[in-house]
Amino acid sequence: MFGDDQASRALGIALVEHGEGTAVLRMTVTPAMVNGHGTAHGGYLFLFADTAFACACNSHGPVTVAAAADIDFVAPAHEGDELRATAVERTRYGRSGIYDVSIRRGDELIAEFRGRSRSIPSTKTKESR
């Protein structure tokens, strides 16, 4: 799934580790990601966490999408910061799941994200789109 994620790859997001229900990604904050306050725009941080969430919740096989997600920004990130997003599955029940993602700069917490997933029947292939 990550190999086909052009949006995340275009931002330089790298998949560092992955396993069942887990994923670790890396991203460096570029000048294009900085807002008028000189800090990383929250939308980029959300996208980064959402990508880690997607990698973790799709690790089980069926196509899985976000049903809902939220993020708490704890500390600012700045241009040049190398960030790490660690996604962990909290629970899966039926076709649903809950995943937590922590974004860190070194040991410092930058943001906490919680995503709720839903597995869906795969009705489209790349060829039929």
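Which residue stands opposite M27 in β4? In this predicted model, local features need pLDDT of at least 70 and side-chain atom pairs count only at pLDDT 80 or more, while totals for chains, interfaces and linings use all residues. Residues are numbered from 1 along each chain as its sequence is written, and side-chain values use heavy atoms, with hydrogens and water left out.

The residue facing M27 is L83 in β4. Strands such as these are DSSP runs of E with at least two residues, helices are runs of H or I with at least four residues, and both are numbered from the N terminus. Strand β2 (residues 22-28) and strand β4 (residues 82-93) run antiparallel and are joined by 7 bridges. Two strands are said to pair if DSSP finds at least two bridges between them.

The open sheet is formed by 6 strands in the order β1-β2-β4-β5-β6-β3, with antiparallel pairing. Its edge strands are β1 and β3, each of which pairs on one side only. On average, neighbouring strands are turned by 20° against each other, direction ignored; axes here are lines fitted to C-alpha atoms (for helices over the stretch in contact), and angles run from 0 to 180 degrees between N-to-C directions.

The sheet can now be followed strand by strand. Strand β1 (residues 14-19) runs antiparallel to β2, joined to β2 by 5 bridges, and A14 stands opposite R26 in β2. These two strands form a hairpin with 2 residues between them, and G21 in the turn has a positive phi of about 75°. Further along, β4 pairs with strand β5 (residues 96-105) in the antiparallel sense over 9 bridges, with I103 in β5 as the bridge partner of A85. This pair is also a hairpin with 2 residues between the strands, where G94 in the turn has a positive phi of about 60°. Next, 10 bridges join β5 to β6 in an antiparallel arrangement, and R104 stands opposite L109 in β6.

The helix α2 lies across β1, β2, β3, β4, β5 and β6, running at about 150° to β2. Helix α2 has 16 residues and reaches 22 Å from its first C-alpha to its last, close to the 22 Å expected at 1.5 Å a residue; the expected span is 1.5 Å times one less than the number of residues. Among the buried residues of α2 are L45, F48, A49 and F53. Buried means under 20% relative accessible area, exposed over 50%, and partly exposed in between (1.4 Å probe, protein chains only).

What lies between these elements? The largest nonpolar core has 28 residues, of which L25, F48, L83, V101, I103 and I110 touch the most other members. At least two residues each come from β2, α2 (42-57), β4, β5 and β6 (108-119), and the largest share, 8 residues, comes from α2. Such a core is a set of buried Ala, Val, Leu, Ile, Met, Phe, Trp, Tyr and Cys residues joined through side-chain atoms within 4.5 Å.

A last stop is D81, found in the loop between β3 (64-73) and β4. D81 is buried, with a relative accessible area of 14%. Its side chain reaches the backbone nitrogen of H78 at 2.7 Å. Not counting residues up to four places away in sequence, D81 touches M27, T28, V29 and R105, where contact means heavy atoms within 4.5 Å.

Technical notes
A polar contact is a pair of N or O atoms within 3.5 Å; within protein, one must be able to donate a hydrogen and the other to accept it, and residues adjacent in sequence count only if both atoms are side-chain atoms.
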